[in-house]
Amino acid sequence: MKLAVVGSGYLAQTFRSWGMSAGHELCEIPQADLVWFAEDTPVDEDGVADAEGIIHQVKATHLPMDFSQTILISSQLPVGSTSRIAANKAYSNPKAYFAYHPENIRSGHGVEDMLNATRIVVGCDSTEAREACIELFAS
């Protein structure tokens, strides 16, 4: 699978390393079958996540308009955040399929946690997104 990982923090670095370890080809967004947005989510003093950063990141990223892609979001987001992003398909690829993978890896153990996962939870908006995520995590 051709995989693009978008993000700058520990989470994105972990998923890039895991993707290479799992045999996926890392590439730029226009060539990717699956674009994985991985961003550490800021939370306030009450533990409430601020979803605006990841929502803005997806909106600001130019996605190709000429072929289907699965957009996988991994972050700690409130319920409904991925639906908010998917509802704004007009700003990106109208052929995009969306999936959400709740981020819950231990700092310093990310690649190990991904390679030896006891369970994988992903929510998908379509059969296409589901199939792409099965291919991604089956490695």
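**Exercise 1.** How many bridges join E5 to strand E6, and in which sense do the two run?

*Solution.* Start with the terms. Strands (E, at least two residues) and helices (H or I, at least four) are DSSP runs, numbered from the N terminus. Two strands pair if DSSP finds at least two bridges between them. Now take E6, residues 123–124. Two bridges join E5 to E6, and they run antiparallel. Tyr100 has Gly123 in E6 as its bridge partner.

The model is predicted: local features need pLDDT of at least 70, side-chain atom pairs count only at pLDDT 80 or more, and totals for chains, interfaces and linings use all residues. Residues are numbered from 1 along each chain as its sequence is written, and side-chain values use heavy atoms, with hydrogens and water left out.

**Exercise 2.** Find the strand that five bridges join to E5, running parallel.

*Solution.* Look at E4, residues 69–74. Five bridges join E4 to E5 in parallel. Ile71 has Phe98 in E5 as its bridge partner.

**Exercise 3.** Why is E5 largely enclosed by the rest of the structure?

*Solution.* Buried means under 20% relative accessible area, exposed over 50%, partly exposed in between (1.4 Å probe, protein chains only). E5 spans residues 96–100. Four of its five residues are buried, so E5 is largely enclosed.

**Exercise 4.** Give the strand order of the sheet, then name its edges.

*Solution.* The order is E2-E1-E3-E4-E5-E6, in an open sheet with mixed pairing. E2 (25–26) and E6 stand at the edges. Each has a single partner strand, so one side of each lacks a neighbour in the sheet.
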